[in-house]
Amino acid sequence: MSAAHQFKALFGRAFGEHDLLMLFSMRIDETGTDGTSDFVTIGGAVATIPLWDALEAKWDGYLGEKSVPAFHLKEFDQRLEPFANWGDMKRRNFENRLKKIVDENTTFRVALSIDSAAHKSVKDRMRGIKGFAADSDYALCLRFLMFHTCDQLEKIDPDCRLSIIVEDGPWASGAAATYQKVAAMSGKWKPAKHAHRLAGFGSQPKGVLRSLEAADFIVGREHDRLVAGRRAPRRDTILSHLLSADDLEGWYEGMIREKEHRRSHANRPKTGEALQ
């Protein structure tokens with residue numbers, strides 16, 4: 001089944017030429033979500049439906065050529081089966097080919113990383129401020145990711161909209177809840193600015209979409225790069241950022257302003273209603 005048919009079944013509608021889909025995976029560390037990592041990173045890629053179809057076919061074809069049933073970065077990095085007996089040259093060539101498939105069949109890649117200690121410090125300082133509501137590291141990364149992705153898409157096509165697909169798992173329901181909160185917002189401040197561009201959210205079981213394997217590959221490598229403080233290669237088609245304390249404070253301040261705006265709007269007298 002093509003990506004277009006899968007996405008239609010998932011979202012209950014066909015997608016037009018202005019629709020883009022962001023597929024992303026989440027990476028905390030190579031051992032999983034055990035709370036020992038200092039950073040949380042979320043990322044993936046954005047592409048049109050024809051590009052996702054091409055990526056699905058080429059990724060699947062290449063893995064078949066190398067007798068790899070499914071790609072998981074954790075298994076690759078730990079040299080587990082089916083990568084257990086691969087030499088360094090074979091591994092390097094394999095990874096370079098995966099990156100080429102992603103580069104040639106996506107519009108751009110995205111990644112946002114957050115320093116958990118810096119985030120906790122900001123939350124501690126802002127706790128008690130009227131209107132302040134803290135997010136988890138994961139939820140805040142997702143909010144930032146959606147905002148900055150839409151910011152970039154606006155430069156490509158002012159009319160385009162964005163749908164998001166994640167892999168089923170313990171974080172999928174939280175991601176859906178965060179998405180719904182953002183999509184329901186209105187206003188000009190950062191958290192709400194692009195809410196009207198969000199066109200749908202869904203999740204798929206592991207192994208259904210090769211493009212979610214590609215997202216796992218992207219976010220894992222960007223996690224390594226961002227945490228190490230390395231710059232992205234020149235002319236690399238990636239939008240990535242490690243959130244600073246200033247970024248985090250600015251975001252929460254925007255959230256507070258948005259809440260104040262909505263509260264004042266809700267309390268505004270309706271037309272013809274006498275002022276008390």
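Helices (H or I, at least four residues) and strands (E, at least two) are DSSP runs, numbered from the N terminus, and the chain shown here has nine helices and six strands. This is a predicted model, in which local features need pLDDT of at least 70 and side-chain atom pairs count only at pLDDT 80 or more, while totals for chains, interfaces and linings use all residues. Residues are numbered from 1 along each chain as its sequence is written, and side-chain values use heavy atoms, with hydrogens and water left out.

**Overview of the chain and its pLDDT.** The pLDDT, which is the predictor's confidence in each residue from 0 to 100, averages 82 over the chain, and 84% of the residues score at least 70. Below 50 lie residues 26-34, a stretch that, beyond near neighbours in sequence, has 28 contacts in the model, a contact being heavy atoms within 4.5 Å. Residues 271-276 are also below 50, and beyond near neighbours in sequence they have one contact in the model. Where pLDDT is low, the predicted coordinates should not be read in detail. Of the contacts in the chain with a separation of 6 or more, 77% join residues 24 or more positions apart. Of the 276 residues, 45% count as buried (under 20% relative accessible area; exposed is over 50% and partly exposed lies in between, with a 1.4 Å probe and protein chains only).

**Packing of helix H1 on helix H2.** Helix H1 (residues 3-11) and helix H2 (residues 49-65) pack at an angle of about 115°, with their axes 8 Å apart; axes are lines fitted to C-alpha atoms, for helices over the stretch in contact, and angles run from 0 to 180 degrees between N-to-C directions. From H1 the contact draws on Ala 3, Ala 4 and Phe 7, and from H2 on Ile 49, Trp 52, Asp 53 and Glu 56. Sorted by class, this contact has five nonpolar, no polar and two charged residues, where Ala, Val, Leu, Ile, Met, Phe, Trp, Tyr, Cys and Pro count as nonpolar, Asp, Glu, Lys and Arg as charged, and the others, Gly among them, as polar.

The whole structure contains 14 aromatic pairs, meaning rings of Phe, Tyr and Trp (its six-membered ring) with centres within 6.5 Å, counted as stacked if the planes are under 30 degrees apart, edge-to-face if over 60 and tilted for the rest. The ring centres of Phe 71 and Phe 83 are 6.1 Å apart and the planes lie at 70°, so this pair is edge-to-face. Phe 71 belongs to the loop between H2 and helix H3 (73-77) and Phe 83 to the loop between H3 and helix H4 (88-104), twelve residues apart, and both Phe 71 and Phe 83 are buried. One aromatic cluster is formed by Trp 59, Tyr 62, Phe 71, Phe 76, Phe 83, Trp 86, Phe 94 and Phe 217. Over the ring of Phe 76 sits the charged end of Arg 91, 4.0 Å from the ring centre; for this, NZ of Lys or CZ of Arg must be within 6 Å of the ring centre and within 35 degrees of the ring normal.

The peptide bond from Glu 81 to Pro 82 is cis, with omega near 10°, and Pro 82 lies in the loop between H3 and H4. Arg 79, which lies in the loop between H3 and H4, has a positive phi of about 55° although it is not a glycine, and with a relative accessible area of 35% Arg 79 is partly exposed. Ser 67, placed in the loop between H2 and H3, has a phi near 60°, likewise a positive value in a residue other than glycine, and at 60% relative accessibility Ser 67 counts as exposed.

His 119 lies in helix H5 (residues 116-126) and, at 0% relative accessibility, counts as buried. Leaving aside neighbours within four places in sequence, the contacts of His 119 are Ile 114, Asp 135, Ser 136, Asp 137, Leu 140, Leu 248 and Tyr 252. Arg 143, found in helix H6 (residues 137-156), is buried with a relative accessible area of 6%. With neighbours within four places again left out, Arg 143 is in contact with residues including Asp 135, Thr 178, Lys 181, Trp 251 and Met 255.
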